[in-house]
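Thank you for making time this morning. I would like to walk you through one model, and I will go slowly enough that you can follow along on the screen.

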Amino acid sequence: MGVELPTTEFSDIPDELWLELESHAHDGAQGHAGQVQLLDEEGRFKSESKLAQSISTLSEDSLRGMYRDMAMIRRFDTEATALQRQGQLALWVPLRGQEAAQIGSGTATLAQDYVFPTYREHGVALTRGIDLADLLRLFRGISNGGWDPRITGFHLYTLVLAAQVPHAVGYAMGMQRDAARAAAQTATAQGAAAQTATAQAAAAPGAGPSATADAGAPSAEPGAVVAYFGDGASSEGDVHESMVFAASFKAPVVFFCQNNQWAISVPSEVQSRIPLFNRAKGYGFPGVRVDGNDVLAVRAVTEWALERARSGKGPVLIEAYTYRQGAHTTADDPTKYRLSDEEQSWVAKDPLSRFEKYLRAEGIADDAFFARVAAEGDAVAAKARADVLDFVAPSLEDSFRNVYAEPHPLIAEELAWHREYEAGFADENSGSAQEGGH
Amino acid sequence: MPTMTIAKAINAGLRAALGQDETVMLMGEDIGTLGGVYRVTEGLKADFGGERVIDSPLAESGIIGTSIGLALRGYRPVAEIQFDGFVFPGFNQITTQLAKMHSRSKGQLTVPVTIRIPYGGGIGSIEHHSESPEALFAHTAGLRIVTPSNPHDAYWMTQQAIACEDPVIIFEPKRRYWLKGEVDTEDPGASADPFRAHVVREGTDATVVVYGPLVPVALAAAEASAEDGRSIEVIDLRSISPIDFDAVVASVEKTGRLIVAHEAPTFGGIGGEIASRVSERAFLALEAPVIRVGGFHMPYPVAKVEEHYLPDIDRILEALDRAFAY
Ligand SMILES: Cc1ncc(C[n+]2csc(CCOP(=O)(O)OP(=O)(O)O)c2C)c(N)n1
């Protein structure tokens, strides 16, 4: 009798691991306890943790690589901030303090995964092979992107908060369909070859021949999507609606909320009265809080969540509990709204120094390694500076391109007017500009 | 008379409204402790408390939607949208609810919500920080839309909007926040009616209609034109909904030529509406077609090229040349 209520018991999660994740869910406050951690603040590895297994399979090279990525992006970030101060960039959005959250999660993604960033995910960009100069172009005000999201699996930055989160869910739903179509195709291939087209149409209702071509051949490798957003953005309706869709359709998406404690001047308590990750339960999927300054824990939790999503078990919300060490952007002055005591307490949890202690203690990296990384960082910074000074500003004509994918008469008309208007300056005595406003 | 910037004048206007009426309250992202990203609300939380000046959660639909609820309960909320490009998560609430509440309740309900939106380009910012979406709202019946171009208007319009029984959107020209001018805090003078246009420069040969950030540009163009012996009248529209067509038509009947300039794209914009009204009401007075000067049909371009996108003195002069060529 009655309606069957959806369960909030996540039976697919191995009991042991779930207990570990669950045990962190009941501190009920915004406190620091109750988060998954593999490296404590002294850099000591908690090998008894269930999640420690996935880390122990990482090679020493990958561990050093993760440190290198964190150091590289920190150095790059410092340089970009300086470039903004010198007037070379219109704005910069610093990530200092969030390196572990970004490198840990970014390196957990696979080539077939797809990432939807907000605007501070420079570290994730690095792990997805983005040319960092493209990020600088954006903040110099000469481009709104520049990289090809289809190649990098790293979507364009989004300045309207949370707007990318439903896209992430939709993309994940597309991946899910691809998997269904691929399965259908395999089944068909085993049957009569002549019936392929019919089976494909049946597997993907509404996908006509051209839509099928657009969506491309269903990828063989199951993938998942990561949607990045902040604690502030988590209040936007788009995030809530996304979570409803993701839960309803079991979309292979990992919601990765970097709770850096502040949405400009507003503390995270204004956005959520309960620990953010607890919200996931209400939508019907698991939520986990991870120490966002512990690169190994972030890596392990994200790998777990991505693998779960790829295998068809639906979404996960990861709340990476971290801290924005610097200003919100270079236009912001954090001394107006937060205390330096708080800042200091978080510096003590710094993600880089913690990981460095671990690597040294385990004998994975030595002075020579850290010196090499520092030198490499300086080179990355020097290149960033040189890149920015070499940038060539576009002309307004470029902005007429790509407004539409197909020709549009109004664009043609306005571009023609603009050219004639500009030409009038080259030769003041030329004829009068043609009709039409602007 | 005190001299202040537009930003300070809005601050003073908000302060006066908060002081006079305890149902007035401010809500928005970062408007409290920080005083807003442009410091327009600086000091107000300290003086009126966190119950009257609220740092809201980061959710525009929530900000507008709860403002509607508060207004239904007798409050006069003033909502800040941090930047023009971020109004759209709240667009649904503004256009389908706020604008229509009075008419769908057959006049039983009023929702005196004020929405402040810094708008327009010219500040060298990144995507979504430089837009001019006024036409999207002007097209929606039930909303009133004003835009000050000087501190005196900013001071009074802010209070007039809050006092208005209808929802009012104030588009604040962000690149003019630091523009200084005298503010008569005792007497609004000609600014007593926020929905009336002002002739800000008299002339006889052509009329240039502008509002918000372009008012100083049009005045400079008129000045340059005077050197060529042309007498240009400049009208600061002030209100985008309703539009003071009488003022525009009266001017055109005197000058015979009309240029309408705004930063927003010309296609589907306010300029088209004015051109059409004037050709209906003053066709015989026109010596030349009404010419629009504005943005192009493209997403707002990247900062490094915006100076070629934004109407400047030259673009207005070129339009005047065309009008005088008839
Ligand atoms: C829809 C929308 N509203 C407001 C803003 C202005 N804004 C930019 S960043 C920001 C705070 C974001 O905080 P959070 O989501 O926690 O991310 P963080 O910047 O801390 O990484 C605000 C209010 C915006 N970009 N988009």
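Predicted model: local features only at pLDDT ≥ 70, side-chain atom pairs only at ≥ 80, totals over all residues.

Residues are numbered from 1 along each chain as its sequence is written, chains are lettered from A and ligands numbered from 1 in the order in which they are written, and side-chain values use heavy atoms, with hydrogens and water left out.

So where does the ligand lie? The ligand sits between chains A and B, and of the 22 residues around it, the ones that come nearest are Tyr119(A), Arg120(A), Leu159(A), Ala233(A) and Glu60(B); a residue is counted as near if one of its heavy atoms lies within 4 Å. By class, this shell has eleven nonpolar, five polar and six charged residues, where Ala, Val, Leu, Ile, Met, Phe, Trp, Tyr, Cys and Pro count as nonpolar, Asp, Glu, Lys and Arg as charged, and the others, Gly among them, as polar.

For polar contacts, meaning a pair of N or O atoms within 3.5 Å, both chains take part: a polar backbone atom of Leu159(A) is 2.7 Å from a nitrogen atom of the ligand, a polar side-chain atom of Asp231(A) lies 2.9 Å from a ligand oxygen atom, and an N or O atom in the side chain of Gln82(B) is 3.3 Å from a ligand nitrogen atom. The protein covers 95% of the 590 Å² of accessible area that the ligand has on its own, by the Shrake-Rupley method with a 1.4 Å probe.

Now to chain A, where five strands form an open sheet in the order E1-E2-E3-E7-E6, with parallel pairing. Strands here are DSSP runs of E with at least two residues, helices are runs of H or I with at least four, both numbered from the N terminus, and two strands pair if DSSP finds at least two bridges between them. The edge strands of chain A are E1 (114-116) and E6 (287-291), each pairing on one side only. Six bridges join E3 (residues 253-259) of chain A to E7 (residues 316-321) of chain A, and Gln258(A) stands opposite Ala320(A) in E7(A). Helix H8 (residues 164-190) of chain A lies across E1, E2 (225-230) and E3 of that chain, running at about 170° to E2(A); contact means heavy atoms within 4.5 Å, and angles run from 0 to 180 degrees between N-to-C directions, with axes fitted to C-alpha atoms, for helices over the stretch in contact.

Chain B has an open sheet of seven strands in the order E3-E2-E4-E5-E7-E6-E12, with mixed pairing. Its edges are E3 (53-55) and E12 (239-241) of chain B, each with a single partner strand, so one side of each is left without a neighbour in the sheet.

Two backbone details remain. The peptide bond from Ser241(B) to Pro242(B) is cis, with omega near 0°, and Pro242(B) lies in the loop between E12 and helix H9 (245-255) of chain B. Ala162(A), in the loop between helix H7 (149-152) and H8 of chain A, has a positive phi of about 75° although it is not a glycine.

Technical notes:
Polar contact = N/O pair within 3.5 Å; in protein donor to acceptor, adjacent residues only side chain to side chain.
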